[in-house]
Amino acid sequence: MPSDLILFGAFERHNFGDVLMGHVFEKILAKKDINVTHASILNNDLTAYSGTTVHSIFDLVEDGLDERTPILHVGGETASCPFVSALNFDSPLSLPSYQQSMISEEVHRHLTTNRKLPYITPPEEVINGRRMNWKNRLFYGIGFTHLGSNPGGNHDLREAFEECRIAGFRDSYSLENASIVGIRNTALTPDIVCYINRLMPIAINKAPRYVLLHFSKKFLEDNRDTLISQLATVSRTTDIAFIVGIAGVAYHHDSLDALYRFKALAAQQSLSIDLLTSLDALDICRQIARASLVISTSLHYRIVARAYGVPRISFNTHKVNCWANANDKLYPFGIESETLASTVSHLLTNPNPTDSSSQEKDADMIENYLERITEIVKSAKCVSGGATVIPKPPLRLPQAPSQDLWIASMACCLDNQQATINKQNDIIKQHRIYLASKRHLVKQLLTLMLPTSLIRFLLKTPLRGQAK
């Protein structure tokens, strides 16, 4: 079936927020008779986890994608994300860390693109020798909370947003950074996941009370013992249960192994913790909606909790702090692990009311933007006729996307191993020549400045890195 719209985001990896954003947009637009194709920088299939079949935008162009087909860029902290960082997130989990950047650069080379920012389609680019002049680019709910200090990178970002139809950012911090960089005609566009409760109403039954927890891998590594101690303090004063969930198993995200170790160590402290091991984004939403309290390092755990009116606490994470401070001050955010017990105890006994007016305002803004997007898509459809997309066979497990591309890149790196070693040896040789020349220069300067006896004394010890 021809596609009316390319839905573009970091959909190729297993991440709760990215999968959920794509799902919500697809379902909402389907109600407006808009057929979408999910695209990213690499191919993958996450249909078993509330995601979808994801196509590489570079493959779509090679297959004849019409440049007039609208491309809707969906959310995520994507504005300042460079290619190598994006590909590092996509790398196979078994790939050693020290090889990440080297092989990611090789993957980038295989993609045959001059695009500078992976998730920001520029007005014009060359893909596999084909020049694309994109006519209908829309950016909705983009995160830009990290303002880069590199003038060249900021220039690239500003140019990438030129002539776009919508330039929407999901919080006031991102909006301000976009203005600083010089992106024009920007607007605040609420995160599309704020609409999840309208798309998927969840009945709250009288199930046993529980606190739903989420910790990123690094946060858990840094705070594990403190978290166990704090949760044990809470458990001594209440009979509420604790469940730990997942927000993504892509590289640098969460770790199931770390969660099982956390559960075992907690048990040694007589602290009972259950694990929600489902990787399905909608299962996670249901668990959030029915919780008594949600505590997380994940931004979209907080956004979903807010949508369903669930009390929430966020740890001190920059991206979450920016969004919560701009959109959700009602419940605590930016807390440290050492204060978890006192914060939880206070909220369980004194829950704040739901801020329904803010939710209604967000919903109204989202619906207005959806109408605008619909008009642009239907106008473009009359001209382009839509893009034909060939479906890919599904994968069985959530894994690193485009495995064949990674395998080919790793093989290429191995083939070039000797050339790399020779290049490194040349650098070392040049460094030694430089040091020798520097030592000779110092000796000449000393000859001019100091007595001969003192020079001999100083030159008894060779310069660092040089033999006598």
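Biologist: How many helices and strands does the protein have?

Modeller: A word on the source: this is a predicted model, where local features need pLDDT of at least 70, side-chain atom pairs count only at pLDDT 80 or more, and totals for chains, interfaces and linings use all residues. Residues are numbered from 1 along each chain as its sequence is written, and side-chain values use heavy atoms, with hydrogens and water left out. Helices (H or I, at least four residues) and strands (E, at least two) are DSSP runs, numbered from the N terminus. Counted that way, the protein has 17 helices and 15 strands.

Biologist: What share of the 468 residues is buried?

Modeller: Buried means under 20% relative accessible area, exposed over 50%, and partly exposed in between, using a 1.4 Å probe and protein chains only. For the 468 residues of the protein, the buried share is 51%.

Biologist: Is His 214 buried or exposed?

Modeller: His 214 sits in strand E11, which covers residues 210-214. Its relative accessibility is 3%, so His 214 counts as buried.

Biologist: Which side chain makes a polar contact with the side chain of His 214?

Modeller: A polar contact is a pair of N or O atoms within 3.5 Å; within protein, one must be able to donate a hydrogen and the other to accept it, and residues adjacent in sequence count only if both atoms are side-chain atoms. The backbone nitrogen of Ser 298 lies 3.5 Å from a polar atom of the His 214 side chain. The side-chain partner, at 2.9 Å, is Ser 296.
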